Amino acid sequence: MERKIIELDQGWDYMQKGITKLKRILEGLPEAQFNSEEYMMLYTTIYNMCTQKPPYDYSQQLYDKYREAFEEYITTTVMPSLREKHDEFMLRELVQRWANHKIMVRWLSRFFHYLDRYFIARRSLPALNEVGLSCFRDLVYREVNANARVAVIGLIDKEREGEQIDRALLKNVIDIFVEIGMGQMDAYEQDFEAQLLNDTGDYYSRKASNWILEDSCPDYMLKAEECLRRERDRVSHYLHSSSEQKLVEKVQNELLVVYATQLLEKEHSGCRALLRDDKVEDLSRIYRLYHKITKGLDPVAAVFKQHVTAEGTALVQAAEDATSNQGSTGSGAQEQVLVRKIIELHDKYMAYVNDCFINHSLFHKALKEAFEVFCNKAVSGSSSAELLAGFCDNILKKGGSEKLSDEAIEETLEKVVKLLAYISDKDLFAEFYRKKLARRLLFDRSANEDHEKSILMKLKQQCGGQFTSKMEGMVTDLTVARDNQVNFEEYLKSNENVSPGMDLTVTVLTTGYWPSYKSFDLNLPEEMVRCVEVFKAFYETKTKHRKLTWIYSLGTCHINGKFEPKTIELVVSTYQAALLLLFNTAEKLSYSEILTQLNLTHDDLVRLLHSLSCAKYKILLKEPATKTISPNDNFEFNSKFTDRLRRIKIPLPPVDERKKVIEDVDKDRRYAIDAAIVRIMKSRKVLGHQQLVMECVEQLGRMFKPDIKAIKKRIEDLITRDYLERDKENPNMFKYLA
């Protein structure tokens, strides 16, 4: 039984009824919904018309009529209703019409589904869904999108001014701009977003030009932060997420970039004022707002660096003034105060870097550069390296002016080591520190050995093992020396016939670790010669290969002074003791006699005699009784001397070691520069002058800032010593001579 042929007109009339019913449903007219029987009949009609044998296969005609159905509905119904409405009402109508259109496409593409499956697939034609949506795009969207955009942006501006708007409506309209692209964002970006961004720029440009005149920097920042928060909020409620970055950048540009300089340099409320008044919250806000902007933080970091530099320089200047006002008396205390204040300054601004500027590398760099400026300034002739070493000494020695708990000492030492990072002459610090460490260790002035080891560990981490190797050697040396002393005492007990005739403690040290000390061939008194011989005999039982050099300038003696009123124990240096013991065999001695008998230099003897005859304790009487020592003076034992104490320490006038330390460091630097030049040339073989100097500066920069002139001098010296030679053609080129 053959299927009855359905003619095109007849079939389309039937389909037209179904389409009309669908339109009535969409328009909200009284009409029952499609039941499954109706749906099946409509689908079957299309199916039958497409599967009839040619010439009755109406696939192409039905495909065309499918499009015409939409076009006819849009032209007769949709567009007239849109054209008669404006602004918000037009937007509501547009949203409604788009929703209806999508329903219509869904239903019709179901009725015509058979076309999609075979006819369209074979001919590679646009799918039914696409055809339906493109009808709306071509006939509705193209005409109304400009008006819709103006209306939407108008509503957004109203909201920016604080009015309540229908956000859901905006979301639905903006969704049309997105959906009409059918998977592409071109329509949204070109027809809506570009204009929105322009309008946003204009809006905030107007606002900023008023605010910059009226508001303080913190108030302006608060407003800017709030505006950015609201724009992000806008994106999350009704704009497409892809707009967030562009919108935020637009607002940032108008509010923050355009007025950056004016804003950050406002006289009474800009960055400088905020730093001066410690406005931590406002500084954090500036960071939050500007760190997302390319190079936005550069001016903030520059102001931060200037501010810290100015504060630090003021501290150094104040210490300089206070020192010169007080003269030489209180300079030490002033310097202690200065280092303490610089540590506090560092703590304060390091907290800013960590908290306000969230550890940003730009601010770490600014802080470092600022501290390098004033941490390398000298105060009344003392370099910062010396001040820092003196500060450590004061903390670590017994009876220092800083009375701190163990935790506080540890913390302070940690901070001192951090400050050392900013000092360019680290080698100078090391030498001063070593001198002071030696005094603490040798004269038992160190308050706590654990702290000594702890700071050496910190210095090692900061500056490397080479920096602390000698100092660590000194601490270890002392432990070995104590064991040595115990062995010596045991040796004396087991050899009763050997006796030094007095209590003798000898500290044996390794020359290489300790600072260099002058050693003279002092003519020792009889009693002391015996001690030296006894110890030498003991030491030779331990080792035959080591030579002992006696440093009498570091020795201490306890001798009894038998004065007429009472006997007093005198604590003196070995030199002072040797001098006093001369008066056991002579009532009166002249300056030249003492000089000959002790075999000392003029300078050292003047110091000794001054300490014993012109200072607080006058153990010797001088003729004439002046305050200075001259080669014509005569001295005699002061038998009438007395004091309320039974034991007194007679100090020697201090020697200014600064000059010697600086000389030693300069000498070491010469060796370091030589070594660096030879190292570089050995690996490069041939190198230009400029390059050699640069590499040398780079290699040595960790310990000190080498002087360019000094490097040139060392190059010349190495040429004369045949380590290098100049190129005969080009005198600025050097060759390494193996």
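**Strands, a sheet and a buried histidine**

Student: In which sense do β1 and strand β2 (residues 567-573) pair?

Tutor: Two strands pair if DSSP finds at least two bridges between them, and β1 and β2 have seven. This is a predicted model, where local features need pLDDT of at least 70, side-chain atom pairs count only at pLDDT 80 or more, and totals for chains, interfaces and linings use all residues. Residues are numbered from 1 along each chain as its sequence is written, and side-chain values use heavy atoms, with hydrogens and water left out. The sense of the β1 and β2 pairing is antiparallel.

Student: Which residue in β2 does Thr 556 stand opposite?

Tutor: A hairpin of four residues links β1 to β2. Strands here are DSSP runs (E, at least two residues; helices are H or I, at least four), numbered from the N terminus. Opposite Thr 556 stands Ser 573.

Student: Is His 451 buried or exposed?

Tutor: His 451 sits in helix α20 (residues 449-463). Buried means under 20% relative accessible area, exposed over 50%, partly exposed in between (1.4 Å probe, protein chains only). His 451 has 6% relative accessibility, so the word is buried.
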